[in-house]
Amino acid sequence: MITEFSFGKIVVNGKTYKNDIKIVNGQVISDWWRKSGHRVAVEDMTDVLEAEPEVVVIGKGSPGLLKSTTSLREYLAINHIQLIEKKTSKAIDVFNKLVQQGRKVAAGFHIS
């Protein structure tokens, strides 16, 4: 569960991270870098996609600048994976709720 978020900081299961993260199969992958900065492409999410989640949540940062590419959205649609993109504070609420519901969810969070 994600218990805290502020600009530049996210706390997951009691551990603090100060870089963007992904959560795949309940495991945090820290220092998530994307090839194109504020764009999330299929190749930036290969570990997430290999986990075959029902839902992918993307936290777009506080100002909401991070965006998925058309190719990622198409890939997810073809594979019947729901995509939820929101500013990070709202994306965390959605992610936590889906985890509590027992859904198979993976996520990427931009924390600035």
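Mentor: The discussion below takes up the sheet and its packing. This is a predicted model, in which local features need pLDDT of at least 70, side-chain atom pairs count only at pLDDT 80 or more, and totals for chains, interfaces and linings use all residues. Residues are numbered from 1 along each chain as its sequence is written, and side-chain values use heavy atoms, with hydrogens and water left out.

Trainee: What makes β1 and β2 a pair?

Mentor: Pairing requires that DSSP find at least two bridges between two strands; strands are DSSP runs (E, at least two residues), and helices are runs of H or I with at least four, numbered from the N terminus. Strands β1 (residues 2-6) and β2 (residues 9-12) are joined by 4 bridges, so they qualify as a pair, and they run antiparallel. Ile 2 stands opposite Val 12, and Ser 6 has Lys 9 as its bridge partner.

Trainee: Why are β1 and β3 called edge strands?

Mentor: The 3 strands form an open sheet in the order β1-β2-β3. β1 and β3 are the edge strands, as each pairs on one side only.

Trainee: What packs on the sheet?

Mentor: Helix α3 (residues 88-100) does, touching β1 and β2; contact means heavy atoms within 4.5 Å.

Key
Axes fitted to C-alpha atoms, helices over the stretch in contact; angles between N-to-C directions.
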